[in-house]
Amino acid sequence: MKTFELSLKTSEPNMPSSINVYLRENVTAEKEPFPAVIICPGGGYEFIASVESEPLALAFLSQGFQAIVLNYTTMQDGLQKNFLNSNILQIAKTFEIIEQNKDEWQIDPNKIFLLGCSAGGHLAASYSTSWHTIRSDDHSVNLQPRGTILCYPVTGFEFGWPRNTSHFDFLIEDLKEFETPDKINQNTPDTFIWHTANDPSVPVLNTLKYCEKLEENDIKFECHIFETGLHGLSLATRSSAKYMTQDYIDSDIATWFPTCIKWLNKRL
């Protein structure tokens, strides 16, 4: 395995961001390129959550995917201005960098999936509903995710998270601008989405609203709602537990990952 970090240079240079690239060795006889997953960890747009970064990357590596963790701009960077739309462009830039390095990184650029957890799920959903409006300087790059994976996502700012807009250190004038279910369209990728019904931080309503609009737009999706569980469970195994307690290790919820791998493999 090889891993390294690269800074992203976008059209907005004052928005710091980077990617951590995780590459597995190609041991297949045919040396066919791998599919890949771009991971947007959570952290409430305050920071990048480590439990949803490397643990997820290594899990996907073990299943034959290359993995790229996007360290998008957050409030921790101290900008005190709205960076939410800039984050969407950071995903597009990640697609461009993969295209530029596809041979060296052994990645099939037409088999790139996008995953987001919690606030990172909001970012992934925002990109998935708007990627077709982004214009890349590299006309050869495919900006469309092969599919989107949303883990206990925020999908809008009026569905119970945040409690109020004072959570952000910048002004949001129109909350509906960032409500992703209403932006779902025919270009939105197939979606795998999961949540716990009693999530104490990000209400399950976020997932239900998103699935309702996926159905209305005839977008294929698979949704799993687990009866009970804390927020931010990641893999729900020892490898991702923020505290080594049973609250963050749940064998039932951990089934989301192998189920998701089956869903991904149907799209390869």
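Modeller: Gladly! Let's start with a term: buried means under 20% relative accessible area, exposed over 50%, and partly exposed in between, with a 1.4 Å probe and protein chains only. This is a predicted model, where local features need pLDDT of at least 70 and side-chain atom pairs count only at pLDDT 80 or more, while totals for chains, interfaces and linings use all residues. Residues are numbered from 1 along each chain as its sequence is written, and side-chain values use heavy atoms, leaving out hydrogens and water.

Colleague: Is Phe-157 buried or exposed?

Modeller: Phe-157 has 5% relative accessibility, so it counts as buried. Phe-168 is buried too, with a relative accessible area of 5%.

Colleague: How do I read a pair of aromatic rings?

Modeller: A ring pair is described by the distance of the centres and the angle of the planes. Rings of Phe, Tyr and Trp (its six-membered ring) pair if their centres lie within 6.5 Å; planes under 30 degrees apart are stacked, over 60 edge-to-face, and the rest tilted. By this rule there are 19 aromatic pairs. In one of them, Phe-157 and Phe-168 are tilted, at 5.2 Å centre to centre with 50 degrees between the planes. Both lie in the loop between β6 and β7, so the pair ties together parts 11 residues apart in sequence. Strands here are DSSP runs of E, at least two residues, and helices are runs of H or I, at least four, numbered from the N terminus.

Colleague: Which residues do ring pairs link into a cluster with Phe-157 and Phe-168?

Modeller: Among them are Tyr-45, Tyr-72, Trp-161 and Phe-178.

Colleague: And what should I look for in the backbone?

Modeller: Most residues other than glycine have a negative phi, and most peptide bonds are trans. Tyr-45 has a positive phi, near 60 degrees. Tyr-45 sits in the loop between β3 (34–40) and α1 (54–61), and counts as buried because its relative accessibility is 1%. The peptide bond from Trp-161 to Pro-162 is cis, with omega near -5 degrees.

Colleague: How are two packed helices read?

Modeller: They are described by the angle between their axes and the distance between the axes. The axes, lines fitted to C-alpha atoms over the stretch in contact, with angles from 0 to 180 degrees between N-to-C directions, come within 9 Å for α2 and helix α4 (residues 119–128) and cross at roughly 70 degrees. That makes α2 roughly perpendicular to α4; angles of 65 to 115 degrees count as roughly perpendicular, under 35 as roughly parallel, over 145 as roughly antiparallel and the rest as oblique.
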